[in-house]
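Please read them with the model open.

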Amino acid sequence: MTHSDTHAYTTHDTATMLLPWYINGSLDCEQQELVDEHLAVCLTCRSELHTQRRIAQLVQARCDASVGAEIGFAEVCKRIRPAHRTLLGRVRDLSRNTPHIQAGMWVSGAAIAASIFMALPLLHDLGEPAIAPGEYRTLSATDDHLDIRENTLRLMFSTSIADGIQQDILREINAVAVSSASPGGVLTVRVPAGELDSALALLRNRSGVRLAEPVYINHESTGGD
Amino acid sequence: MARIETGNDAATVTADEQDAILLGRIEKQEMAAFESLYKRYHSKLSRFVVSTLGQSNQVDEIINDVMYVVWNKAASYNRQCKPSTWIFGIAYNKARKYFTTAEQQRNVSLSGFDVDVESTGTQAQWMEQLERDDLCTSILSSLSPEHRAVVELTYFYGMHYREISQIMECPENTVKTRMFHARKRMASLAQPEINRN
């Protein structure tokens with residue numbers, strides 16, 4: 001085989017491989033020129049070009065059933081902001097396009113609110129909450145009498161996060177387990193002194209971490225530590 | 001090419017630049033920007049995922065998984081590729097993982113993602129199927145998901161093989177080779193129809 005034969009063979013292979021992108025017009029000038037010159041002298045490639053152009057037309061003409069973007073966007077919003085979806089928000093979404101349902105819900109809502117208001121005195125003495133006093137921070141608590149218990153935090157992973165990845169995340173924040181996971185999947189861990197803020201920032205930045213909160217001690221409450 | 005008014009001067013912005021602007025705003029947790037990007041990409045990603053998987057089940061879930069990642073990882077988009085390349089890359093990986101999980105549940109070999117379906121019928125039977133089904137859908141369904149992805153990205157989305165290699169995270173020569181095998185198979189199946197026209 002002569003040098004020119006080898007060169008021609010290589011050019012043919014190169015041009016053949018580039019044909020699809022010659023068809024879609026994405027080749028740069030040098031590549032396009034190479035294919036143009038080769039097509040002028042190669043019947044095989046011209047035939048292949050015709051076939052591929054037809055196939056490209058079939059692919060471009062193929063229609064697919066459209067999927068509702070509005071519905072999809074509403075679904076992904078639920079994942080982004082699940083904590084902000086209050087009962088009122090869900091009711092609003094449901095009745096947005098159904099005015100008669102909206103009117104009915106206003107009437108129902110007013111009746112329910114009135115019932116709850118009248119029943120409030122009966123709910124006052126239903127018993128002590130199961131959560132021990134001082135274990136959780138309440139809205140009425142101020143920072144003055146709050147302490148973070150020994151650089152301890154609670155976290156909960158998404159169920160889609162594999163165990164191996166969970167362990168990697170815990171290693172990243174140098175966390176040591178204080179207790180085993182609760183039935184609800186909440187872990188209590190301790191991080192090195194001075195690293196709590198950075199650990200919380202890292203955890204809250206991870207999409208697979210559903211919850212990350214320090215464990216507070218409320219010195220004001222009775223029975224607190 | 002769209003025109004966006006910026007201050008007193010009108011600027012002409014390409015689609016890629018628009019997407020990059022939206023990603024910058026999404027990084028700042030702007031929901032309106034996210035909604036715009038979602039609607040710009042929803043139909044494109046739907047078609048790509050349906051085409052890659054060869055069926056439309058779970059497409060909604062996959063699209064939402066993709067856009068959820070876009071929302072959470074907008075800060076990690078480093079502008080070294082086009083926004084569309086970055087987003088399609090996420091979609092391809094999600095589709096691939098879904099395919100692998102589905103195949104595992106059916107106890108099928110995990111190599112099925114890059115294996116074309118062998119035609120088991122005669123040419124006459126194939127032509128009968130063409131009369132019943134859309135020609136292109138029939139042809140594409142015989143390809144592996146990886147081959148289908150290359151064909152779609154090339155012929156429908158008009159992408160260069162360099163961009164496709166970034167999306168599929170494989171060498172450029174691998175993209176060319178996959179396309180070569182895919183088009184040979186497609187040509188053999190579509191030849192009667194092409195000759196008729």
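1. Among contacts in chain A between residues at least 6 apart in sequence, 66% join residues at least 24 apart. Two residues are in contact if their C-beta atoms, placed from the backbone, lie within 7 Å.

2. Ground rules. This is a predicted model: local features need pLDDT of at least 70, side-chain atom pairs count only at pLDDT 80 or more, and totals for chains, interfaces and linings use all residues. Residues are numbered from 1 along each chain as its sequence is written, while chains are lettered from A and ligands numbered from 1 in the order in which they are written.

3. Make-up of chain A. Its secondary structure comes to eight helices and four strands. Helices (H or I, at least four residues) and strands (E, at least two) are DSSP runs, numbered from the N terminus. Along the sequence the pattern reads α-α-α-α-α-α-β-α-β-β-α-β. Of the 225 residues of chain A, 13% count as buried. Buried means 20 or more other C-beta atoms within 10 Å of the residue's own; exposed means 12 or fewer, and partly exposed is in between, with C-beta atoms placed from the backbone.

4. Confidence in chain A. The average pLDDT (the predictor's confidence in each residue, from 0 to 100) is 75 for chain A, and 65% of the residues score at least 70. Over residues 221-225 of chain A the pLDDT is below 50. Where pLDDT is low, the predicted coordinates should not be read in detail.

5. The side of chain A that touches chain B. The contact takes 27 residues from chain A and 39 residues from chain B. On chain A, α3(A) gives the largest share, eight residues. The residues on this side of chain A divide into 13 nonpolar, nine polar and five charged. Here Ala, Val, Leu, Ile, Met, Phe, Trp, Tyr, Cys and Pro count as nonpolar, Asp, Glu, Lys and Arg as charged, and the others, Gly among them, as polar.

6. B:Asp19. This residue lies in helix α1 (residues 15-27) of chain B. B:Asp19 counts as buried because it has 21 C-beta neighbours inside 10 Å. Leaving aside neighbours within four places in sequence, B:Asp19 is in contact with B:Leu37, B:Pro83 and B:Ser84. B:Asp19 and B:Tyr41 are 22 residues apart in sequence and 9.8 Å apart in space, C-alpha to C-alpha.
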